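These are my notebook entries on one structure.

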Amino acid sequence: ILSPVSHQVARTQNPQSLRARLGYDEIRNGFDASENEAEANKFIDIFFPLLPVEHIPNLQQITDFFKSKTSPFPQGATGRSLHDVLIDGLTRLCRVKPLGLDAITWLAEWLLRNNPNKPQVDIPEEAKSEVILPDEESNDLGKPTGSEIVWLLGAPGSAQADVGALLSQHFGFEVIDVSDLVRSAEQIQSQYGEVIGENRRHGRPIPAHIVSTLVVNAIQRSATNHPASSKGPTGHRGYVLSAFPYSLDQAFELENKLKPCSKMIYLDSNADEIYSRTKQRNSSSEKVDKEHVMTKLRTWQEQVAPVLEQYQLFNKVHTLQSTLTSNQSLALLKKWFK
């Protein structure tokens, strides 16, 4: 941009440079700039003695940093370099195979959990029930280790409520609608309300830590109000989490806080059926744009595709065509929940 200090050299070598165009002689050359990094650092120290000078590492220094091992935690364990951690994380990422932005989210959360510079604290089994999650409504959250956890996932407008009712009436599950939990948290202006509202307005998944905390709170409240000693007529087999999960980070976060799901029931819906159901729910005076419904369905399917692919690897996904009758759906559920 500036070219050499000499305006004559600048006009010969780089006539479009600022000094070639605006410089007058060796002294009045238009601009003042250091010739190299060492000279720049020297003048920075003179004029700005309190300003820290950032050092730009060379390739060898970058390689040394990349492969240097940290002080291990706990003391005596084998230290790991940044190279070791990234290789491990990328290998696990390839096994999980999340798609799109879920891959970035998955790797980022894995790196945070496996930071070699962060001490790892092992909580004894007998103390785990005393861990408190950050929520204003609960002060004693435990894990329902004896309860089965089932995820019920379907596009907005599908027959999730009908399938949830079958699982409740015939198999003794308590159904928790995660979308209702999220809406309630937003409406009562809880500590998460503003974040939830912002994400919903932009069509983004709700942050995983918020969804998981809301779900664990709901399960804990249910366990408190309906202890195992007072089961219903069909028994309390576990919990069905309806409208969950919408992303891999939500799934992983809840499994980490709670327990792995035993099954995922996926309602496979087509655009015509969703459009028909949407029209039935709306008043006759309101017009429903079919193209808008189809676009929302495609977006939703792309969003949950990584979740389905991940849990299909473990044979946990059971697909129900949402066009089935109630009796047909019940027959399949009986095969899956023997």
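**Strands and helices**

I began with E2 and strand E3 (residues 238-242), which run parallel and are joined by five bridges. Two strands count as paired if DSSP finds at least two bridges between them. Strands (E, at least two residues) and helices (H or I, at least four) are DSSP runs, numbered from the N terminus. I noted that the bridge partner of glutamate 174 in E3 is tyrosine 239.

The model is predicted: local features need pLDDT of at least 70, side-chain atom pairs count only at pLDDT 80 or more, and totals for chains, interfaces and linings use all residues. Residues are numbered from 1 along each chain as its sequence is written, and side-chain values use heavy atoms, without hydrogens and water.

I then traced the whole sheet: five strands form an open sheet in the order E2-E3-E1-E4-E5, with parallel pairing. Strand E2 (173-177) and strand E5 (317-321) are at the edges with a single partner strand each, so one side of each has no neighbour in the sheet.

Next I examined helix H8 (residues 178-187) and helix H10 (residues 208-225), which pack at an angle of about 105° with their axes 10 Å apart. Axes are lines fitted to C-alpha atoms, for helices over the stretch in contact, and angles run from 0 to 180 degrees between N-to-C directions. H8 and H10 are therefore roughly perpendicular (65 to 115 degrees) to each other.

Which residues in H8 meet H10? I found that Val178, Leu181, Val182 and Ala185 in H8 meet Val211, Leu214, Val215 and Ala218 in H10, contact meaning heavy atoms within 4.5 Å.

Methods: Angles under 35 degrees count as roughly parallel, over 145 as roughly antiparallel, 65 to 115 as roughly perpendicular and the rest as oblique.
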